[in-house]
Amino acid sequence: MKKYVLRRPGGPLVNEKLSPLAMAAQGQAPEVTVSKDIIRRGLIAAPIVMLVSGVIWGLTGAWSAGIGLALVLLNFGLAALLISWAAPISLALMMGVSLFGYLLRLGLISLAVYLVRDASWISLPALGVTIIVSHLGLLFWEMRFIAASLAFPGLRPNA
Amino acid sequence: MEAIAKLIMADAATPADAKNAAAAASAGYAYGLAAIGPGIGIGYLVGKSVEAMARQPEAAGMVRTTMFLGIAFTEALALIGFVVFILLKFA
């Protein structure tokens, strides 16, 4: 039986019958770089977030903001680690890990909040607002630099 | 939904109990429904990213960066649902 192979101009041989899911990602893991950037910025912003939350909700608000921010940063870190672990093995595993990792991370956040919900030093509104605001805020902050570095790869801006 | 509400009302000893039970049930629905949409979104996003990486392996780094940000943005929707859940259920 004749085996069909394709060759892209200047590229490696590509077997026509090879499923995309059987392929694996090569090279460095960009998720880890992005996640490290986000965690670094989150740690820089942590005192400000805790201060603002403390002014609005008091001392319990400050502690809750700290817990919320820690959950968000752990969530980003875990997502990056899972994807960067799975991608070099196979793209199918990366798909599975992305979907089940989503469930796992939601479960872990739920468990963490469930464990601290009755603590006297927790303010649930402060915790909830911090989780949403810090998650979206850190993403938009990072996206500003990602967008610039994707458009002009040689001119990555400083953080 | 109406049947569930009637069931809650029938089992509750007082109107306050019924209100609490309805709030707990609504919180559960809110969290469950809020998790479905991002689940579909992440599945679609990762599937398309894999397709893009298979078509153009040399652009895999750029695709993975965009995919990671997309997953995080999509997950924000689930987090909003989760926060609504904890505020309805525990606050």
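Predicted model: local features only at pLDDT ≥ 70, side-chain atom pairs only at ≥ 80, totals over all residues.
**View 1. Helices α1 and α2 of chain A side by side.** Here you can follow α1(A), residues 30-57, and α2(A), residues 59-86, whose axes come within 7 Å of each other and cross at roughly 170°. An angle over 145° counts as roughly antiparallel, so that is how α1(A) and α2(A) run relative to each other. Sorted by class, their contact has 16 nonpolar residues, 9 polar ones and 1 charged residue.

**View 2. Helix α1 of chain A from end to end, with its bend.** Counting 28 residues, α1(A) reaches 37 Å from its first C-alpha to its last, close to the 40 Å expected at 1.5 Å a residue. Look for A45(A), where α1(A) bends by about 45°. A proline, P47(A), follows within four residues of that bend. Once α1(A) has ended, G58(A) comes just after, with a positive phi of about 85°.

**View 3**

**View 4. Chain B, a chain of helices.** Chain B has 3 helices and 0 strands, and from the N terminus on its elements run α-α-α. Of its 91 residues, 37% count as buried. Take the contacts in chain B between residues at least 6 apart in sequence: 62% of them join residues at least 24 apart.

Terms used. Residues numbered from 1 in each chain as written. Chains lettered and ligands numbered in written order. Heavy atoms only, no water. Axes fitted to C-alpha atoms, helices over the stretch in contact; angles between N-to-C directions. Helix = DSSP H or I, 4+ residues; strand = E, 2+ residues; numbered from the N terminus. Parallel < 35°, antiparallel > 145°, perpendicular 65-115°, else oblique. Nonpolar A, V, L, I, M, F, W, Y, C, P; charged D, E, K, R; others polar. Expected span 1.5 Å × (residues − 1). Bend = angle between axes of the 7 residues up to and from the residue. Buried < 20%, exposed > 50% of the residue type's maximum accessible area, 1.4 Å probe, protein only. Contact = heavy atoms within 4.5 Å.
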